[in-house]
Amino acid sequence: MREIKFNVVDEETGDYVFFNDWAEANKNEDDTHNETLALFIKEHRCYKLLPYTGVKDNNGVEIYEGDIVKLKYAPEPQVIIYSPVLAMFTIGRKYRFTAVQDIEVLGNIYQSQRRGYYNGR
C-alpha cells in the first residue's frame with residue numbers, strides 16, 4: 001500500500017508548500033496525520049492538495065500530482081494527473097501511470113506557471 005502524503009499549493013499566492021516538511025515543523029507529538037492536516041488547512045484556507053503517487057523517479061524524487069515529468073518515450077514533458085474516471089494517476093492524457101521506467105521529475109505546474117515556462121499542455 002502506498003504512503004499517504006501531500007504537497008499543497010496555496011491558491012491565493014501560488015506558493016508550493018511541501019506539506020510533510022511543514023507537518024514535521026508544526027505538529028504536536030500526539031497529533032495524528034489527519035489532525036496535522038486539519039491544522040494546516042485551518043491555517044491555509046485557500047489550498048489544493050496534491051497527492052503522492054507512491055512512485056519515485058529515476059533519481060529517487062517522489063512524484064506528486066501536478067509534477068512535470070520527462071519520459072524516455074515521450075517527445076515533450078508530461079504532467080501527472082489524477083483521473084477520477086480511471087481512478088488512477090495518468091501521465092498527461094496519453095499514458096497510464098503503471099510500471100513506469102525512465103521518468104524524471106522536472107518541476108511542477110504551479111511553480112512553472114509562476115515562472116512563465118509552463119503553458120498548461
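1. Two strands pair if DSSP finds at least two bridges between them. Helices (H or I, at least four residues) and strands (E, at least two) are DSSP runs, numbered from the N terminus. In this predicted model, valine 69 stands opposite glutamine 78 in β6.

2. Basis of the values. This is a predicted model, in which local features need pLDDT of at least 70 and side-chain atom pairs count only at pLDDT 80 or more, while totals for chains, interfaces and linings use all residues. Residues are numbered from 1 along each chain as its sequence is written, and side-chain values use heavy atoms, with hydrogens and water left out.

3. Overall content. The protein chain contains three helices and nine strands, arranged along the sequence as β-β-α-α-β-β-β-β-β-β-β-α. Of its 121 residues, 41% are buried (under 20% relative accessible area, 1.4 Å probe, protein chains only).

4. The sheet. An open, antiparallel sheet is built from five strands in the order β8-β7-β6-β5-β9. Its edges are β8 (95-96) and β9 (103-108); each has a single partner strand, so one side of each is left without a neighbour in the sheet.

5. Strand β5 and β6. β5 (residues 67-71) and β6 (residues 78-83) are antiparallel and share two bridges. They form a hairpin with six residues between them. Besides the pair named in point 1, isoleucine 68 has valine 79 in β6 as its bridge partner.

6. Four of the five residues of β5 are buried.

Note on methods: Buried < 20%, exposed > 50% of the residue type's maximum accessible area, 1.4 Å probe, protein only.
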